[in-house]
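Hello,

I am passing on the structure we spoke about, together with some notes on what was found in it. Please have it open while you read, so that each residue can be looked up as it comes along.

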Amino acid sequence: MAEPKTAKRDALIDIERKIQQLWEETKAFEVNAPTIEEHPDSTTLHKEHPKYLSTTAYPYMNGRLHLGHGFTVSKIEFATGYYRLKGRRALFPLGWHCTGMPIRACADKLAREMEMFGKDFVLREEPETPKIESLNLQETENQKVDPTKIVAKKGKVAAKATGLKYQFQIMEQIGVPREEIHRFADPQHWLTYFPPIATSDVQKIGYKIDFRRSFITTDSNPFYDAFIRWQFNKLRALEKVKFGERYTIYSPKDGQPCMDHDRQSGEGVGPQDYTCIKLKVLEFAPETQETLAGNKEIEGKKIFMVAATLRPETMYGQTNCFVGVDIKYGFYKSNNADELFVMTERAARNMAFQKLSPSNGEVVKVAEVVGHQLIGTQIKAPLSTFERVYVLPMDGVLATKGTGVVTSVPSDSPDDFSALSDLKKKPDYYKIKAEWVAGYEPVPIINTPTYGDLAAPTICAQMKINSQKDKTQLAIAKEAVYKDGYYNGIMAVGPYAGKPVQEAKPEIRKMLIDCGDAVPYNEPENLVMSRSGDECVVALMDQWYLDYGETEWRKMAEECLKQMNVYTDETRNAFEKNLAWLNQWACARSYGLGTRLPWDHNFLVESLSDSTIYMAYYTIASLLQGGSIDGSVLGPLGIRHEQMTDQAFEYIFAEGALPTDSDIPKASLDKLRREFEYFYPLDIRTSGKELIPNHLTFAIYNHVALFPKKYWPVSIRANGHLMLNGDKMSKSTGNFLGLAEAVEKYGADATRLALADAGDSGEDANFEDTTANACILKLYTLTEWIQETLAAKDTFRTTGRDQYNFYDRVFESQLNKLIKQTDAHYEATFYREAVKSGFYELTAARDFYREACTMMGISMNKELTMRYIEVQTLIISPIVTHWSEYVWGTLLGKEGMIVNARWPEAGPVDEIVLQELDYLRRQMAQVRATETQALKKKKKGKTDVFEPFKPKKIMILIAAKFPEWQEASIAVLKGAYQPENKEKVFDDEKIKKELAASGLMKDKKVMPFVHDLKKKAEVQGPSVFSRALNFDENVVLATHSDYLRKILGYETLTLVKNDEIANQPEGTEDEYVRAAEQSVPGQPTFIVKNL
């Protein structure tokens, strides 16, 4: 019977299951702090018992884990395995996040759908849902199938849209049986359903997690609930939590702030603060008058066109106002009964939640016109030097930005200047009267060092911008003018003349608002959609907020960041940028799941605020929760949740006094404190880079506020997203893979290896199907080789180290060097590089050693071969843990488990012998290149050409010294080398002058040689000037001539020094002389002939 195609994968999976059972039985990944009895002195605790605490963002429990989760988690999971090998007590805990709005919102949707369709969710016409089809490698007539893609076949309904219509359909898609879905209408059911599945998924891939420390969040876990209450009570006592009016992203549908984790789209988007200028209407255009005629709501009212601006200081230069001709503008009631605002409905919706409408959330429209009807309306522009200005048309006015009304300042806005210029050139084309723009010239209002006092006209002239249609050029000009004006500009008009723009701007804004000529206005920077499908607005509301950005708190956060390892410059820059702008953050909401604010039970702590210091809770969770994720089972200390008072937490986490409001025995409190003081500070925190603007920065702020300095985080690592086969992972496109599905498809170790190989930088990584499948084959093949080698080991050479031959010494040095390199890669969290050096290059070194021994007719050295197997098994074990455990215990028969073993010691590295090997490999490659060139001659139809597949001979021409012209050229380069000058490493004029003086410029070979050496020196430094070999080239070639002859397939191999060329066959003297001239030390030339 033929072996199934998946036999190799299945064999590895069978090993993995047995190993996982071994780990579970031995509680392999449960890690505890040394007890007080074992080590009473806490000051020497870490020195005597080194530790490593690593955590990642706990996954949200509204679905199954996908491969992207696995990628982020793998970064610290690999680190955990590595630091175990380095002798540390490496702890990796993982909890399950349930706080916030998503679970509650989905549960409420299901409840509504049950009212519509019943608990069995029966539709009159059942829609088809996307299903993952089995892979079809057959090409249709018109379509080629990419076998690396995971393709979703959509039904008619799904094919027309990327999403599913109902929540129950989404539940089915993620694997929940239809008959169980009704239970999810209770949000608590999510908290008991998904965490066990997630636990099973991470167990199947073999993550080294201490599950005793797992927990769920929200008040469903009373211990975690008490922990969060302590956190917020302390933050409030420290005046880090405050109450007051502030602008926040808000969902009218949900009736509460919409923070990052509550959003369907728009994560990281905040409020944009504008000044809304009130442009009083003096006389409407005839078309508008006709539309408004008879409207009683308009009569007797003051009407203002309101224009949102980011530059209130430029209002002195207003010459007109712009509208979009096709945009609809409403007349809306304001918070002043006598005033109506003209603007877009989107702006009115935002203003309604900012105390600018008749009542909160109320939008009252009394009339509507289209933009073109407003053209020619006369208005009064506050601060303008003109008594009245006109409403004019402009291309590109957006209904989705600001109010749809744009006040025009052509002196300092390139967009305004180019639009006004167009109108002046072609008034008839734009259907305006010439007198509406005649005489309205740019007004000098700000002096700038770069562009003078008419910045916009100046830069448009410089950049040759001739029309408002030059969008790309205008964007560049706008940024340049705005920056120069804000940072370097001096006011030239008004009461603030002579003051820098930076100082005058807030004063002018305040003046405009105080005198009733403007109102403050905020809107989202970009579109934000809540998870309930609501377009969010900005609301001004009383709320509890964390005062991030407060001067002293920010200084502490910046100090913490400065001493942290964040692994890449990109990550550090992102943190620094975020700390520079982050400020007040709403920390409470009224809807969702979570912990109630201790002092105001009407509010819940939001999901990004109860997830900032939970890493500390991991350290004590196992002693409180008794292995249950919800704290329903008493822990080994017998502590009840009500005993965990704020004073108790302060004693444990912040070296506080012994609590007076809790009857927990001191010995129990000391055990809890020992777990925390041992595992803290947090050694590494890893998350996706998209969490830098919120969660990761919040974690820094909260740690510095709540814990003594010695417990501040040591490092944070941010990674990019994971792509699948080069494309973004997406359920809607079908290019998606769950974590459990990946393990089922490839096995745990092949998945882990492919995740490590996917990438390490902050850029998006890529999981390749072909890589994972290749890993299966490589691991299986390596297993077979180890088994065969162990069976034959007694037939191997047993010579001692003092009798090692060249190939033994090479292999030993390669082993030692790769141990060191892989060690450094793990330390730097470069797991792709660790796989490269510790797996691919190490097996390649084994392959070379094995093949060389076979070629030379000798057996491998037993000691070296056994050491290779042990080293290979150990240094890849943090990543390929199941396979390594199997080889270690079952094949090698080692005592104990590999997860408790130690990193191999690296012996000395003989760099000379490795250089000799590298030299030999270069010569082999060069011979192959010579043969390729010979084949090209054959294709050109030449006779008497070399046939590489026929019996052949080779002559290697060796040079004793470099040509004099090269030595002279190098001397010139050395004299002109100036490494202290980073801009110009070589004095080119000096090089040309000296080469010409010595006559070297006449030699055509010189300049290409000089140019190449200069490029190398700029990268490698002055070492390129010294080209002496560290070994005797003649001896190396003579010693290994037989090996070279055999591996290259030649009958004879002759070594000749290039100054000994003589007595060559008649008619070939020139060929040999030319070859000898091209030979230099370290780069011999070759003459190949058929016999």
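Which residues are linked with Glu30 in a network of salt bridges? The network joins Glu30 to Asp210, Arg212, Arg213 and Glu675. Please keep in mind throughout that this is a predicted model.

**The chain as a whole**

The chain has 1091 residues, of which 54% are buried, and its secondary structure comes to 35 helices and 33 strands. Along its principal axes the C-alpha trace spans about 115 × 85 × 70 Å, and the chain exposes about 49,100 Å², with carbon and sulfur atoms supplying 50% of that area. If you take the contacts between residues at least 6 apart in sequence, 76% of them join residues at least 24 apart.

The UniProt record, an unreviewed entry, places the feature "domain: Aminoacyl-tRNA synthetase class Ia" at residues 19–110 and 189–767. Over residues 19–110 the chain is 43% helix and 10% strand, with the end C-alpha atoms 41 Å apart, while over residues 189–767 it is 34% helix and 21% strand, with the end C-alpha atoms 33 Å apart.

In soluble globular proteins, nonpolar side chains tend to be buried together. Here the largest nonpolar core holds 140 residues, and those that touch the most other members are Leu67, Met171, Trp190, Phe194, Phe767, Ile786 and Trp883. Helix α26 (residues 831–855) contributes the largest share of this core, namely 10 residues. A second, separate core has 77 residues, including Val31, Tyr651, Ile652 and Ala718.

Thr218 sits in the loop between α7 (187–204) and α8 (222–237) and is buried, with a relative accessible area of 1%. Among the residues that Thr218 touches, again without those up to four places away, are Cys98, Leu191, Tyr224 and Leu593.

**Salt bridges**

Side chains of opposite charge can pair when their charged atoms come close. A search of the whole structure finds 56 salt bridges, and one of them joins the side chains of Asp760 and Lys75, with 2.9 Å from N to O. Because Asp760 lies in the loop between α23 (748–757) and β30 (765–767) and Lys75 in helix α3 (residues 67–85), this pair ties together parts that are 685 residues apart in sequence. Both Asp760 and Lys75 are buried.

The salt bridge between Arg104 and Asp108, with the closest N and O atoms 3.5 Å apart, stays within helix α4 (residues 102–117), where the two residues are four apart, about one turn of the helix. Arg104 is partly exposed, at 28% relative accessibility.

**Cysteines**

How many disulfides are there? The count comes to zero. Cys258 is buried, with a relative accessible area of 1%. Cys276 is likewise in no disulfide, the nearest cysteine sulfur being that of Cys321, 11 Å away, and Cys276 is buried at 0% relative accessibility.

With best wishes

Methods: Residues are numbered from 1 along each chain as its sequence is written. This is a predicted model: local features need pLDDT of at least 70, side-chain atom pairs count only at pLDDT 80 or more; totals for chains, interfaces and linings use all residues. Side-chain values use heavy atoms; hydrogens and water are left out. A nonpolar core is a set of buried Ala, Val, Leu, Ile, Met, Phe, Trp, Tyr and Cys residues joined through side-chain atoms within 4.5 Å. Buried means under 20% relative accessible area, exposed over 50%, partly exposed in between (1.4 Å probe, protein chains only). UniProt positions are given in the numbering used here, feature names are shortened, and annotations may be inferred rather than shown by experiment. A disulfide is a pair of cysteine sulfur atoms within 2.5 Å. Contact means heavy atoms within 4.5 Å. Accessible areas come from the Shrake-Rupley method with a 1.4 Å probe; for residues, only the protein chains shown count as cover. A salt bridge is a side-chain nitrogen of Lys or Arg within 4 Å of a carboxyl oxygen of Asp or Glu.
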